[in-house]
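Subject: Structure handover

Dear colleague,

Please find the structure below. My notes on it follow.

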Amino acid sequence: MFMINVLFVCLGNICRSPLAEGVFMHQVYSRNLGNLFRSDSAGTASYHIGKLADQRSIAVALAYGIELNHKARAFTLNDFYAFDYIVAMDRQNQKDIQRLEPADAKAKVVLMRDYDSEQKGGEVPDPYYGEHKDFEEVYRILDRSCAALLHELTGDRLIDHS
Ligand code: 4NP
């Protein structure tokens, strides 16, 4: 069965990318597209491997009916072959990913806010040293950006079935 595999990547894999994965899959399931998509998240740094998402990401997600169960893991070379899309939260994440990119990578590396209808090409700000309102803002950015990404991935025009 044809599936699209999407990996969301940030620095620590405890604030932004687990929330992005949760938001994206929530949208996928609410559009009955669960059989079409698989998603995961990872971090370019390894400080938080094995940890659940930051309590503030968990709380914001829960307020919108989304449960986050992800345990942090580091981005690996294999991810270039296991995923179709690698979605970086900010430019530094994107650079760190692209630095490792093998010539025969399957994945296309993109920036999350290239899909933001309100601010294309921006970054998902790191909320780690912020407060609740910063996590709320990250949620709103991710909600808009994931919706547009999903729309693009489900538009026939842009799906490569080869
Ligand atoms: P994330 O946020 O990349 O969105 O998961 C951060 C988490 C931890 C750290 C920085 C950013 N840290 O420095 O430990």
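The buried residues of helix H2 pack against H1 and H5; packing here rests on contact, which means heavy atoms within 4.5 Å. The model is a predicted one, in which local features need pLDDT of at least 70 and side-chain atom pairs count only at pLDDT 80 or more, while totals for chains, interfaces and linings use all residues. Residues are numbered from 1 along each chain as its sequence is written, and side-chain values use heavy atoms, with hydrogens and water left out.

Helices (H or I, at least four residues) and strands (E, at least two) are DSSP runs, numbered from the N terminus. Buried stands for under 20% relative accessible area, exposed for over 50%, and partly exposed for what lies in between (1.4 Å probe, protein chains only).

First, H2. This helix spans residues 55-63, and its buried residues include Ser57, Ile58, Val60 and Ala61. They lie on the same side of H2, because the arc they cover around the axis is only 165°; the arc is taken from the directions from the helix axis to the C-beta atoms. Gln55, Leu62 and Ala63 are exposed and sit on the face turned away from the buried side of H2. After H2 comes glycine 65, with a positive phi near 75°.

Next, the sheet. Four strands form an open sheet in the order E2-E1-E3-E4, with parallel pairing; two strands pair if DSSP finds at least two bridges between them. Strand E2 (37-43) and strand E4 (108-111) are at the edges with a single partner strand each, so one side of each has no neighbour in the sheet. From one strand to the next, the twist averages 25°. Between E1 (residues 4-10) and E3 (residues 85-88) there are four bridges in the parallel sense, and valine 6 is opposite tyrosine 85 in E3.

Two helices against the sheet: H1 (residues 16-30) lies across E1 and E2 and runs at about 170° to E2. H5 (residues 132-154) touches E1, E2 and E3, and its direction makes about 155° with that of E1. Axes are lines fitted to C-alpha atoms, for helices over the stretch in contact, and angles run from 0 to 180 degrees between N-to-C directions.

Last, glutamine 94, in helix H4 (residues 91-100). Glutamine 94 counts as buried because its relative accessibility is 15%. Leaving aside residues up to four places away in sequence, glutamine 94 touches Ala88, Val109, Val110 and Leu111.

Regards
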